[in-house]
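Open the model in your viewer and keep the sequence panel beside it. The tour goes from stop to stop, with something to select at each one.

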Amino acid sequence: MKLDVIQLDGTIVESIELLDDLFGLEPRIDILHRMVRWQRNRAQSGTHKVKTRSETSYSKKKIYRQKGTGGARHGDRNAPIFRKGGVYKGPKPRSHAHGLPKKFRKLGLKHALSVKAKAGELVVIDSAEADGKTGPLANKVKKLGWQRVLVIDGLKVHEGFAKAARNISDLDILPSMGANVYDILKHDTLVITKAGIEGLEARLK
């Protein structure tokens, strides 16, 4: 598929041919769903923790004798049945991550790029460079009508552009190696530089 390459002022520079293997697939929701779950599970901290009966602060002494009281049999006050006792089979720190093959992860990224291309939410720009000032960049983004933008640059993000973009809400920037399914799908507009296209093609071939 062909797409116009523009500059940040909106002028068209040239046309570029995008690979159908990356941007022309028929998007599959099941693949994207598995990819987003994989990413979010890896990002989950898994630090949730409760105290078991061996960790609560009551005495370990048996509260009363086993028989003859007319009451139920109990050990110490740390049992889960008592107030402030330990929790039975509560959550422990663990990793929520699960495996997913590399080939499948590459395929998921291709489908995410294809979703944006098919929806007309993909923009290719000549380069993402700025002098580090937020105001001029914010005005350019506003004139272009971009909302909730993700910019994917080459192997390295331009320092001045990153500095100018960090104070603009709903404008994120990533290097081509950092491109991922979740970030692509959650933004309304996907902007890729020519260097970013080359980086993605080299990464996903």
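A residue is called buried when its relative accessible area is under 20%, exposed when it is over 50%, and partly exposed in between. Keep in mind that this is a predicted model.

**Stop 1**

Select Glu 55 and Lys 49. The two form a salt bridge, with their closest N and O atoms 3.0 Å apart. Is Glu 55 buried, partly exposed or exposed? Its relative accessibility is 39%, so Glu 55 counts as partly exposed. As background, side chains of opposite charge can pair when their charged atoms come close.

**Stop 2**

A search of the whole structure gives 8 salt bridges. For the next one, select Lys 194 and Glu 14, whose side chains meet at 2.6 Å, N to O. Lys 194 belongs to helix α7 (residues 194-204) and Glu 14 to strand β2 (residues 12-17), so this pair ties together parts that are 180 residues apart in sequence. Lys 194 is partly exposed at 26% relative accessibility, and Glu 14 is partly exposed at 31%.

Now move to Lys 118 and Glu 26. Their salt bridge has its closest N and O atoms 2.5 Å apart. Lys 118 sits in helix α3 (residues 102-119), while Glu 26 sits in the loop between α1 (20-23) and α2 (29-43), so the pair ties together parts that are 92 residues apart in sequence. Both Lys 118 and Glu 26 are exposed.

**Stop 3**

In soluble globular proteins, nonpolar side chains tend to be buried together. Select Phe 23, Leu 113, Leu 122, Ile 184, Leu 190 and Ile 192: these have the most contacts inside the largest nonpolar core, which has 29 residues. Helix α3 gives the most to this core, with 5 residues.

Next, centre the view on Ile 192. Which residues does Ile 192 touch, leaving out those up to four places away in sequence? Among them are Phe 23, Leu 113, Leu 122, Val 123, Ile 152 and Leu 200. A second, separate core has 16 residues, including Ile 125, Leu 137, Val 141 and Leu 171.

**Stop 4: helix α7**

Return to α7 and colour its buried residues: Gly 196, Ile 197, Gly 199, Leu 200, Glu 201 and Leu 204. These buried residues pack against β2, α1, α3, β3 (122-125), β4 and β6 (189-193).

**Stop 5: the largest pocket**

Show the surface and find the largest pocket, with a volume of about 290 Å³. How many residues line the largest pocket? There are 13, and Trp 38, Arg 105, Lys 106, Leu 109 and Arg 203 lie nearest its centre. Helices α2, α3 and α7 each supply at least two residues of the lining. By type, the lining divides into 6 nonpolar, 2 polar and 5 charged residues.

**Stop 6: two loop residues**

Finish with the backbone. Select Arg 148, in the loop between α4 (134-144) and β4 (149-152). Its phi is near 50°, a positive value in a residue other than glycine. Arg 148 counts as partly exposed because its relative accessibility is 37%.

Then select Asp 170, in the loop between α5 (159-165) and β5 (171-174). The phi of Asp 170 is near 65°, which is again a positive value in a residue other than glycine.

Key. Residues numbered from 1 in each chain as written. Predicted model: local features only at pLDDT ≥ 70, side-chain atom pairs only at ≥ 80, totals over all residues. Heavy atoms only, no water. Helix = DSSP H or I, 4+ residues; strand = E, 2+ residues; numbered from the N terminus. Buried < 20%, exposed > 50% of the residue type's maximum accessible area, 1.4 Å probe, protein only. Salt bridge = Lys/Arg side-chain N within 4 Å of Asp/Glu carboxyl O. Core = buried A, V, L, I, M, F, W, Y, C linked by side-chain atoms within 4.5 Å. Contact = heavy atoms within 4.5 Å. 1 Å grid on protein atoms, 1.4 Å probe; cavity = no way out; pocket = protein on both sides within 12 Å on 5 of 7 lines; lining within 4 Å. Points joined across faces, edges and corners; volume = space filled by probe spheres on them. Nonpolar A, V, L, I, M, F, W, Y, C, P; charged D, E, K, R; others polar.
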